Amino acid sequence: MRRAAGLCALLCLASPARAFLFGGTSDERAGELLAGMRAAYGAGSCGAVLGASEKFMAEKPPERMREEAYGYMGRCYEALGSVDKAISLYKLALGLHPENVLFSYRLARIYNRAGFYQLAAPLFLKSLSIYPDDPEANLGLARAYTALGFLGRAKEFYSKAVILQDFRDAAALEEYARSMLRKGDWGEALFIAAKGEEAAPKSAVWPALEASAMAGQGKYNTAITLMESAISLEPSRELRLQRALYQLMGGLPLRAAQSADAELAADPGDALAAAVKGMALYSLGRKGEAEAYFLRARSGGPFTARVAEAFLRLAPAAAEDTCKK
């Protein structure tokens, strides 16, 4: 009896021996499972991470362990396309650990991609309040503000993001320049486009963006020259028609009509080319001829259709005047 009592006392006092005989405490088993989840996440095996998560949670681990596990589980749900599960988990994790910016940052990224910019912005701000020099969080907030129309605020965070990236991310530079074109900040758009040319010198994007900035200032001849450079790098219908629009706005309707004719020869149903040709003829005083092109253009996208309808409202009067003559 004394030996049995002594053995019981020894087992109660000696936790390693107890763990060996009875499979470890719940915290120890949770720790082993968490270590496995950590290793699986590092190896890129999200299936193993999520497979172990149910057993891990069944051990009722302490909150410090759960916090780490939430990070692996949430990112694995994202990687596997289970976005709803990731959102639910990050919301839970944020409620329990509001100071952990990993959860706010990951949730903000999901909201940005889903178009919930008003939800993403404050979460990015929270992340940046602790890590202000995180380029991805700065870029994410700039995107959210641009989508919300807060272009002045977007400029601040785009600027910081591209500086932190040392102006090497061509995609971020293009986003920034386009945001500044929307804002009408022509100088900033030109500066960023120039940085973009350094990052990706053979891309037609940069001279095309510079052309838009010049056109925005009414410098159409310079815009046309820049579009020629863009077209030489990447011959495309879109760039050629953009050049035709600048020719038209720059007081060169005959050249604009010729540019439109070249596109219509390749595709008679090209609505934008038909609109450009119609506007060129209209500006040359050939308003009756223009009507046929506006009728074609009416089948185009929303912008082209609106332009065509606006001119067609004027066309009947123009045609009547031509008949009287």
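The model is predicted, so local features need pLDDT of at least 70 and side-chain atom pairs pLDDT 80 or more, while totals for chains, interfaces and linings use all residues. Residues are numbered from 1 along each chain as its sequence is written, and side-chain values use heavy atoms, without hydrogens or water.

Start with the largest pocket. Its space comes to about 640 Å³. A pocket here is an open set of points on a 1 Å grid over the protein atoms alone, where a 1.4 Å probe fits and protein lies on both sides within 12 Å along at least five of seven lines; lining residues have an atom within 4 Å of a point. The volume is the space filled by probe spheres set on the points, which are joined across faces, edges and corners.

The lining holds 23 residues, and Ser212, Glu238, Gln242, Leu245 and Tyr246 are the closest to the pocket centre. Helices are DSSP runs (H or I, at least four residues), numbered from the N terminus. Helix α15 gives the largest share, eight residues. By class, 15 lining residues are nonpolar, four polar and four charged. Nonpolar means Ala, Val, Leu, Ile, Met, Phe, Trp, Tyr, Cys and Pro; charged means Asp, Glu, Lys and Arg; the others, Gly among them, are polar.

Now turn to the second largest pocket, at about 150 Å³. Its lining includes Tyr105, Arg109, Tyr117, Phe124 and Glu136. Helices α7 (101–114), α8 (117–130) and α9 (135–148) each give two or more residues. The largest share, four residues, comes from α7. This lining has three nonpolar, two polar and four charged residues.
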